[in-house]
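I opened a new page for this structure. I want to look up the ligand site, then the strands beside it.

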Amino acid sequence: MAKQKTVYVCQNCGANSAKWVGKCPVCSEWNTYVEEHTSKEEEKAKEKSYAAKSGNAVPVPIGDVIEQDTERLNTGDTELNRVLGGGIVAGSLILLGGEPGIGKSTLLLQIALQLKGVKILYVSGEESDRQIRLRASRIGIQNKDCFLLTETNVQAIFKQAEILQPDVMVIDSIQTLHTVYVESPPGSVSQLRECTAEIQRYAKESGLPVFLIGHITKDGMIAGPKVLEHIVDVVLQFEGDRHYNYRMLRTIKNRFGSTSELGIYEMQGTGLRAVINPSEILLTQREEELSGIAIAAMMEGARPLLIETQALVTPAFYGTPQRSATGFDVRRMNMLLAVLEKRSGFKFGTKDVFLNIAGGLRVDDPSIDLAVVVALISSYQDKPVSSKIAFAAEVGLSGEVRAVSKIEQRIAEADKLGFSTMFISKFNSKGIDESKYQLELISISKVQQLVEILF
Ligand code: TYD
Ligand code: MG
């Protein structure tokens, strides 16, 4: 019997300690330490496996390294291509995180089925061949080059990959995998870390790009896994509201591209549909003008989006007025309310205020401020604002309307979608060639002007 060593490992950040501790001194999470065992033999075996794979590299001058454009494999999906920075890079390890049931398996199976002219190995440790087959029939795409493997042992997966020689591999999910070099159960931090590191090494050596699915804990972290984010090349997050059919694919880390990209999908009965023109779905069709609605021209990554902000302002009958915001920072809303109260004399102090961003989207872009302010005033006064007007500017503490980035792209998008007027900051209007656009630009420098012009 090999001598066992017991360590306690934080399941959140991977820190370890010889004794159990209640609060992790590294990541400050409570109750995350779990007992894990390693044996001396195991460690030796691990060291050997590392040693066998290293020691052949020699230093080279940076100028002698051959520069070449990274070749990218087209995934056949416009949204995923953009999020990845133009396609799949050979030998890259891509982690796809998301809550259970959000559609991670559907997305990657669909990509696997869509890829043409390459061999794909879809490894599942979660579902049986038949379940996956069922899902594939639902998606309704045939691909004879897509192979299924139900396996959870990393070494066995590599063995099959050696035989099949696929061009792309998908592993569903990292939490089900285990490697012979670690004794802890699948899903524990040491297993996750070791399995991911082994897959990363395999990907780099063979040039095989690998997609890894990872589950997310309730607080939005890929289970265990800040540790994993360092190992992999790309971290994607698949998110969305259960009550909406829209799903957002975000880049959190990308060694081969920008991290501010967003892909939007719609979950349908037959798989996911890429939403090419998101503004169309984010703007509701309405027959009459309603109060409390204003449209913001915001940016998600490099892409302009027109999105509806909705506010409801009602008299507060019970004690402290209610303040609630969905998809927008409630503290920022409170700040905007205070600005309106102080600079324009609105009495929000006696009102309940609710704010909602349409489509279940969560917005950080401050350029949405102006639209939020307009929606608030519109609901307060119960006066609708035309749905042909768009807004893009940040609002400062003294009620000043500030410039935002990429203004021309926002204007061009609003123009394309048939808006007649757009409000921007005076400080943004310099150097804009208005004759290029059909829409009328109104530049303002203070929120008070907004009230005078619109209400
Ligand atoms: P799934 O990919 O299994 O989620 P995850 O791998 O992230 O846990 O998808 C889950 C949901 O998607 C499930 O509730 C059923 C739904 N779905 C559709 O609405 N349409 C479809 O075509 C498919 C395949 C799934
Ligand atoms: Mg799944």
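Which element gives the most to the shell around ligand 1? I found that H3 does, with three residues.

**Ground rules.** I am working with a predicted model, where local features need pLDDT of at least 70, side-chain atom pairs count only at pLDDT 80 or more, and totals for chains, interfaces and linings use all residues. Residues are numbered from 1 along each chain as written, chains are lettered from A and ligands numbered from 1 in the order written, and side-chain values use heavy atoms, without hydrogens and water.

**The shell.** I looked up what surrounds ligand 1 and found 15 residues. A residue is near if one of its heavy atoms lies within 4 Å. The closest are Gly 101, Ser 105, Thr 106, Gln 268 and Gly 271. Helix H3 (104-114), helix H4 (129-139) and strand E13 (262-268) each supply at least two shell residues. Helices (H or I, at least four residues) and strands (E, at least two) are DSSP runs, numbered from the N terminus. I sorted the shell: three residues are nonpolar, eight polar and four charged. Here Asp, Glu, Lys and Arg are charged; Ala, Val, Leu, Ile, Met, Phe, Trp, Tyr, Cys and Pro are nonpolar; the others, Gly among them, are polar.

**Polar contacts.** I took pairs of N or O atoms within 3.5 Å. A polar side-chain atom of Ser 105 lies 2.6 Å from an oxygen atom of ligand 1. The backbone takes part too: a polar backbone atom of Lys 104 is 2.8 Å from a ligand 1 oxygen, and one of Ile 102 is 3.4 Å from a ligand 1 oxygen. Alone, ligand 1 exposes 560 Å², and the protein buries 75% of that. These areas come from the Shrake-Rupley method with a 1.4 Å probe.

**Strand E13.** Next I followed E13. Is it enclosed or open? Five of its seven residues are buried, so E13 is largely enclosed by the rest of the structure. Buried means under 20% relative accessible area (1.4 Å probe, protein chains only).

I then checked its partners; strands pair if DSSP finds at least two bridges between them. Strand E12 (residues 246-254) pairs with E13 in the antiparallel sense over five bridges. Arg 247 stands opposite Tyr 265 in E13. Strand E14 (residues 271-274) also runs antiparallel to E13, joined by four bridges. Glu 266 has Arg 273 in E14 as its bridge partner. A hairpin links E13 to E14 through two residues.

Conventions
A polar contact is a pair of N or O atoms within 3.5 Å; within protein, one must be able to donate a hydrogen and the other to accept it, and residues adjacent in sequence count only if both atoms are side-chain atoms. Buried means under 20% relative accessible area, exposed over 50%, partly exposed in between (1.4 Å probe, protein chains only).
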